[in-house]
Structure formats: C-alpha cells, structure tokens
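Good morning, colleagues. Please take a moment to look at the model on the screen before I go through its side-chain contacts.

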Amino acid sequence: MQLVFASNNKNKILEIQNMLPESIRILSLGDIGCHEDIPETADTIEGNAILKADYVAQNYGYDCFADDTGLEVTALNGAPGVISARYAGEHKNADDNMAKLLSELENKSDRSAQFKTVIALNLKGQQHLFTGIVKGEIIREKIGDQGFGYDPVFKSQGHERTFAQLSLEEKAAISHRGIAVQKLIGFLLSDAK
C-alpha cells in the first residue's frame, strides 16, 4: 500500500516511515510534485490536519494522511497549541520557540504540558481521524540532541529523559505521534483484510 503523507518535514517523514510496517510505503509532498506550503489556517489541531489531507486529496487525487501536532502547556492556557511551530514567529525556528516558551514559564510552578497529534486519513473517499496525547512537563533547560521541535524541553510522565534524549524507536514507543500512528496502522491493516 502506498499513501501520501502531506508533509515535507524530513524529521516527521523519517519518524513515521520508521513506525510503519514494510507493506505501507509513504510518499512525501515533494514526491508527488507538491511544493507549495499548504495553508494551516484552522484554529484547532484537528482542523489543520484535515485541511492538509483534504488539500492533497482534492488537488492531487491521492489517498493520503496529514498530521498536526501542538504542545499544550497548562500554565499558558493551552498555548502554544495550534501555533506551536510558529510560536516565536513565522520563521518557524525551534530554538526561538523553546526560548520563548522557557521565558514565559520562568516564574511558573506548574510546568505540566501535553503533546497532541491528530492524523487525518483520506482513504477511498472517506476521512478518519486518529489522536495521540502524551502528558508530561516542560523542564527548565534544553537537554538532548535527538528529535526536533520542543523535544529537548519535554519530559513525558514516568520518564527521566527528554524526548531529545531518546532514539527514534524509544520515542515512537511513547510519543503522541507514535500513539496516533499506531492507531492509523491498526486501521490500515484491518482495512486491508
């Protein structure tokens, strides 16, 4: 089975392809000749995943899936949330985003947060949503050099290391994206029978 993953984020593509069984191969947006930035203008994580999946299905005609992820911090009323990638500006710089987040949490005792990923799958003319949530906390400084985004400042509940200290396999086993992808895989494998 071949599906388009509506992303050009090489880190995300690698992370997801690594989780999929060999029977499911993913193509990136670049692989199908889509080089435009798909607008992420929805005000929810679900909405952005749906926008991206619908864009590929409508404009390119492929079965596809798209994901959107947000970091939701309790003390910041759920921010950065849907604008996680652009938290410190449109240039989407992870270091700037983390610096802004750490500065806003400087005097806060509640550092609880959760990562939320929603995957929208458009398959055979129908849409299905899969959600993965992992709870944890924002630590006070960046630790680790694996992963991407907010991984160096996020430690999931019950774990002593940040996401940026985990291998791809370790992270996939416990992460928000890993949980959502496992639900996606379960659905695809049961649908293929």
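I begin with Asn 48, which lies in helix H2, residues 45-60; helices (H or I, at least four residues) and strands (E, at least two) are DSSP runs, numbered from the N terminus. A word on the basis: this is a predicted model, in which local features need pLDDT of at least 70, side-chain atom pairs count only at pLDDT 80 or more, and totals for chains, interfaces and linings use all residues. Residues are numbered from 1 along each chain as its sequence is written, and side-chain values use heavy atoms, with hydrogens and water left out.

Asn 48 has a relative accessibility of 0% and counts as buried, where buried means under 20% relative accessible area, exposed over 50%, and partly exposed in between, with a 1.4 Å probe and protein chains only. Its side chain reaches two backbone nitrogens: that of Thr 41 at 3.3 Å and that of Ala 42 at 3.0 Å. These are polar contacts (a pair of N or O atoms within 3.5 Å; within protein, one must be able to donate a hydrogen and the other to accept it, and residues adjacent in sequence count only if both atoms are side-chain atoms). Leaving aside neighbours within four places in sequence, Asn 48 is in contact, meaning heavy atoms within 4.5 Å, with Glu 40, Thr 41, Ala 42, Asp 68 and Val 82.

Asn 97 lies in helix H3, residues 94-104, and is buried at a relative accessible area of 4%. Its side chain reaches the backbone oxygen of Ala 85 at 3.1 Å, while a polar atom of that side chain lies 2.7 Å from the backbone nitrogen of Ala 88. Not counting residues up to four places away in sequence, Asn 97 touches Ser 84, Ala 85, Arg 86, Tyr 87, Ala 88 and Tyr 150.

Tyr 87 also takes part in another arrangement: the charged end of Lys 100 sits over its ring, 4.4 Å from the centre. The criterion is NZ of Lys or CZ of Arg within 6 Å of the ring centre and within 35 degrees of the ring normal.

I turn now to the salt bridges. Side chains of opposite charge can pair when their charged atoms come close. With a salt bridge taken as a side-chain nitrogen of Lys or Arg within 4 Å of a carboxyl oxygen of Asp or Glu, the count comes to 11. Which residue does Glu 15 pair with in a salt bridge? The partner is Arg 177, with the closest N and O atoms 2.9 Å apart. Arg 177 lies in helix H5 and Glu 15 in helix H1, so this pair ties together parts that are 162 residues apart in sequence. Both Arg 177 and Glu 15 are buried.

Arg 177 meets Asp 67 in a salt bridge as well, at 3.1 Å from N to O. That pair links distant parts of the chain, with Asp 67 in strand E3 (residues 64-73) and Arg 177 in helix H5, 110 residues apart. Asp 67 is likewise buried. A network of salt bridges links Lys 12, Glu 15, Asp 67, Asp 151, Lys 171 and Arg 177.

Elsewhere, Glu 170 and Arg 161 form a salt bridge at 2.9 Å, N to O. Here Glu 170 is partly exposed at 35% relative accessible area, and Arg 161 is partly exposed at 37%.

Next, the nonpolar cores, each a set of buried Ala, Val, Leu, Ile, Met, Phe, Trp, Tyr and Cys residues joined through side-chain atoms within 4.5 Å. The largest has 19 residues, and Phe 65 and Leu 121 have the most contacts inside it. Two or more residues come from each of strand E1 (2-5), helix H1 (10-19), strand E5 (112-123) and helix H5 (176-192). H5 gives the largest share, 5 residues. Beyond residues up to four places away in sequence, Phe 65 touches, among others, Leu 3, Ile 16, Ile 119, Leu 121 and Leu 184. Apart from this core lies another, of 18 residues, including Leu 71, Val 73, Leu 102 and Val 153.

Finally, Ile 139 is found in the loop between strand E6 (126-138) and strand E7 (154-156), and counts as buried at 11% relative accessibility. Among the residues that Ile 139 touches are Leu 102, Pro 152 and Val 153.
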